[in-house]
Amino acid sequence: MAILKTKVGRRSFLKTSALAGGGLMISFSWLASCKSGKDEKKVLEMPDEWFELNGYLKIGNNGVVTIMSPNPEIGQNVKTSMPMIVAEELDVDWETVIVEQAPLNTDLFTRQLAGGSQSIRQGWNSLRMAGATARDVLRQAAAKKWNVPKEEVTTSKSVLEHKGKKLGYGEVAAEAASMTVPEEVELKNLGDFTIVGTPKGNVDGKKIVTGKPLYGIDIQKEGMLYAMMEHPPAFGMKLKSFDATEAKAMPGIKDVFSIKSYQDDYQRQWSDVSAFSEFVVVVGNSTWEVLSAKKKLKVEWEKESEAESTADHLAKLDNIPDSVVNVARKDGDPEKVFKNAAKVIERTYTAPFLSHNTMEPMNFFAHVTADKAEFIGPIQTPEFMEKSASARLGLPLEKIDIQMTRMGGGFGRRLYGHFLIEAGVISQKMNAPVKLVYTREDDMTFGTYRPAYRADYKAALDENNNLIAFHVKAGGIPESPLFANRFPAGAVDNYLAESWVLESNISVGAFRAPRSNFIAGVEQAFIDEVAEAAGKDPIDFRLELMEKAKNSPVGKDNDYDAERYAGVLRLVREKSKWGTEEKGVHRGVSAYFCHNSYVANVVDLEMKNNEPVIKKVYCAVDCGIVVNPIAATNLVEGGTIDGIGHAMYSAMTFKDGKPDQKNFDTYRLIRHSEAPKDVEVHFVKSDIDPTGLGEPPFPPVIGALANALYKANGKRTYSQPFLAKSFQLG
């Protein structure tokens, strides 16, 4: 049994209780059990009184338990999974648990951020500590009541027991709330888990499927106005002047004005990315009236910097100056080995800008008064944007209240919260509660896109078809995708990794599995081609390199575990029955490590009417302990389909600084009929603390898809989107 030092004292717990009681908490409680199935949900009776045992949870006098989910919920299911971890250590009956979104309070909940697939990994110990601490004070209270040692009091499913005597948690909750918080607590052994590792339905599932208000776009407030904006039509342009005479005369319009979301001298932090800081705003009584008035605006823009085009980008990518290339890692003497190699394979891969296109476009509610600012909406970085709002609005940090709603997608787009700041400055000017809403066109043309990338690979084989040298030179506009210390670094004696970047005024940011979303696919496609040149099975070839990395690694900075890497490859080989042939089915394999997890894929692909149809994808995943198998499987399935869709169809292009794609009639996403017919997910059994899962399934499947396409048509694919002709829609 592990011992964990408690890091949060009663003073902090009480502070949080006061905040919760002060109205900062958004409650989306679902007063039903979280058990999936056909049975009607048992409706829980509300307690007459609640008792706070710590900031993460409170217990009612009837035994009902409310557990806070601290992190933003973006579809990664943390609102269910994080409370499951607390409930596990509390030893509570999950049927009696209510889940609520916790308020923003990083003193207590530490990292309240949705990004980097880190929520569960970073919260694992603190969540376990919260549950174990509450269980300890409940045992203290029962021991006092029975006049027995605490160590003799056991728990199970919300019941305390001592030699036949039993008490429900609710019966001692009042006394437990006054017990001393222990300096350290005992954690359960993994083998004793009864909640973690078992499938639990999404606590918001019923509300999602019945259309109940959960998302930022659903927010309604008394006296609330609607705002929309007109931003520059092209990157490299800024506002010159505008005539709002006709727009102001439209029905329901309250005002039209220009405003700066960020002052010129404001030192922006990383989450303040915004290409356009000055724009024209229309405020009115309804979205329809505001949209209608927006069409009447007469706006003049002027050039501020270079008007970039995709054609120019491609020309620049074809001629990378040597002066911008930097050596990131060098092992051995690759230049010499390449000169004397028996075979040298060289290939170049490219990929375009991508737009996030969350189903719920950007929006935020703000009500800014002279002495406080209330924000409600979908944001991945509430802690960071709280600081930005404080600085921009001229209010102390403690007067900024950001309440988190469920998000209709993010994929990195909502890490950058300029739309929150925009809502705040509009509300401040209007002296009224305002909800800012982006149209799909506003969102797609004002993005923080996935950068455009290029990678050049070169591999050398000796006369026995052993990989003896490897060179990767990767860069992008305006970011390099290179991870210098990832596979096959460490598995090749002579290795060279170089990076470069080309500047741009097009705004970019994190996109699901940043950088890995490109480099994984091209690396795994190239490895496949090298394996073919070596005359080896692609899985055997990879495992051969993993053995080298495990048993005689090159260098000390290799940032992956070769055994776990090999583990997912072996698992996907077994589950897919790799090596067997099915007539008309073409197979591709890949494996990749990112965000602390390992994923291997086998894609089975058929050609029908000369078009690829993905029959099945096998996924083998090592993400440590799986907290909620349903949610984990859903994440892998979703990431797999998302990766295939973007690789097959998606691209953002530009002409004279203007995005060519403004809505889904020109920006191609995967359709339901094009999704894999089946995705089979398998997890490696592990006792390692949970690692990332939101992002790791996205990157590797792109390589497996490219390799399967090659098997189907005999041609290697070097540029995304793979089906560029489908990019033109009728």
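Leaving aside neighbours within four places in sequence, which residues is phenylalanine 375 in contact with? In this predicted model, the partners of phenylalanine 375 are Phe364, Phe365, Ala366, Ala389, Leu393, Ile400, Asp401, Ile402, Gln403, Leu420 and Gly424, where contact means heavy atoms within 4.5 Å. Because the model is predicted, local features need pLDDT of at least 70 and side-chain atom pairs count only at pLDDT 80 or more, while totals for chains, interfaces and linings use all residues. Residues are numbered from 1 along each chain as its sequence is written, and side-chain values use heavy atoms, with hydrogens and water left out.

Helices (H or I, at least four residues) and strands (E, at least two) are DSSP runs, numbered from the N terminus. Strand 17 (residues 363–368) pairs with strand 18 in the antiparallel sense over four bridges; two strands pair if DSSP finds at least two bridges between them. Glutamine 403 in strand 19 is the bridge partner of isoleucine 376. From strand 18 the chain crosses through helix 11 (residues 382–393) to strand 19, a right-handed β-α-β crossover; with the strands pointing away from the viewer, the path from the first strand over the helix to the second runs clockwise. Four of the five residues of strand 18 (residues 373–377) are buried, so this strand is largely enclosed by the rest of the structure. Buried means under 20% relative accessible area, exposed over 50%, and partly exposed in between (1.4 Å probe, protein chains only).

Among the buried residues are Leu420, Gly424 and Ile426. Helix 12 reaches 18 Å from its first C-alpha to its last, close to the 18 Å expected (1.5 Å times one less than the number of residues). Just after helix 12, asparagine 431 takes a positive phi of about 50°.

Phe375, Ile426 and Phe470 touch the most other members of the largest nonpolar core, which has 140 residues. Such a core is a set of buried Ala, Val, Leu, Ile, Met, Phe, Trp, Tyr and Cys residues joined through side-chain atoms within 4.5 Å. Helix 14 (residues 516–534) gives the largest share of this core, ten residues. A second, separate core of 48 residues includes Val86, Leu160, Tyr169 and Met179.

Some backbone details are worth a look. Most residues other than glycine have a negative phi, and most peptide bonds are trans. Alanine 513, in the loop between strand 23 and helix 14, has a positive phi near 60° and counts as buried at 0% relative accessibility. Lysine 163 also has a positive phi, of about 50°, but this residue is exposed, with a relative accessible area of 71%. The peptide bond from phenylalanine 487 to proline 488 is cis, with omega near 10°.

Over the whole protein chain there are 18 helices and 29 strands, and 60% of the 730 residues count as buried.
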